[in-house]
Amino acid sequence: MNSPGDQPHLFLSGYRATGKTTIAGMLAGKLGLQTVDLDARIVAEAGRPIAEIFAAEGEAAFRTLETAMLGRVVAEENALVISLGGGTPVAAANRKIIRQSGRTVWLTASAETIHRRMLDDAVSKTQRPGLTDKSPEAEIVELLERRRTFYEEIADVEISTETSTPEAIVEQILRWWAK
């Protein structure tokens, strides 16, 4: 399942607030590619925020939409920089699509940094649902641990966003991508 013209997609994976959307936009500009934020595509098609989808239909329904959208994006578009949702790699079908369609950068940060970024981000506060009944800090720690093997499975490279600027991260990814 390669993209048209056999050009690989460049996926950015990782937990929310690790910089996927910001880095994807910057990378796309440098590479002359379009970018797709998978969560934003789902929201646009559904006509409502992810939190509302979760509340009305549950996480399983959202994950079904996510898998369908991922399949459509990689099949219908030319090579893209694709910012995945934080939970996208959890589904085996999604991991298979990702591995067959391109190369993946796993963006990481500590639970503390992620929590701080989420508190500073209006979108995270208003449109992203909690996924457990735990406090936000405990949820981040739990989900990072639970998802680690899935992120590792699809990652071609792991890059920390903990202290580097977005520009430095983009340059690091560009050097890796060129190899």
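Tutor: Two residues are in contact when heavy atoms of theirs lie within 4.5 Å. The model is predicted, so local features need pLDDT of at least 70 and side-chain atom pairs count only at pLDDT 80 or more, while totals for chains, interfaces and linings use all residues. Residues are numbered from 1 along each chain as its sequence is written, and side-chain values use heavy atoms, with hydrogens and water left out.

Student: Which residues does Phe 11 touch, not counting residues up to four places away in sequence?

Tutor: Among them are Leu 70, Val 74, Ile 82, Leu 84 and Ile 98, and also Ser 101, Gly 102 and Arg 103.

Student: Why is Leu 143 called buried?

Tutor: Buried means under 20% relative accessible area, exposed over 50%, and partly exposed in between, with a 1.4 Å probe and protein chains only. Leu 143 has a relative accessible area of 3%, so Leu 143 is buried. Its place is in helix α8, residues 136-154. Helices (H or I, at least four residues) and strands (E, at least two) are DSSP runs, numbered from the N terminus.

Student: How much of the protein is buried?

Tutor: Buried residues make up 42% of the 179 residues.

Student: What makes a set of residues a nonpolar core?

Tutor: The members are buried Ala, Val, Leu, Ile, Met, Phe, Trp, Tyr and Cys residues, joined through side-chain atoms within 4.5 Å. The largest nonpolar core has 18 residues, and Phe 11, Leu 38, Leu 70, Val 73, Ile 82 and Leu 84 touch the most other members. Two or more residues come from each of α2 (38-46), α3 (50-57), α4 (59-76), β3 (80-83) and α5 (92-101). The largest share, five residues, is from α4. A second, separate core of 16 residues includes Leu 12, Ile 159, Ile 173 and Trp 177.

Student: Why are α3 and α4 called oblique to each other?

Tutor: Two packed helices are described by the angle between their axes and the distance between the axes. Axes are lines fitted to C-alpha atoms, for helices over the stretch in contact, and angles run from 0 to 180 degrees between N-to-C directions. Those of α3 and α4 come within 7 Å and cross at roughly 125°. Angles under 35 degrees count as roughly parallel, over 145 as roughly antiparallel, 65 to 115 as roughly perpendicular and the rest as oblique. Therefore α3 and α4 are oblique to each other.

Student: Which residues of α3 and α4 make the contact?

Tutor: From α3 come Ile 50, Ile 53, Phe 54 and Glu 57, and from α4 come Glu 59, Ala 61, Phe 62, Arg 63 and Leu 65.
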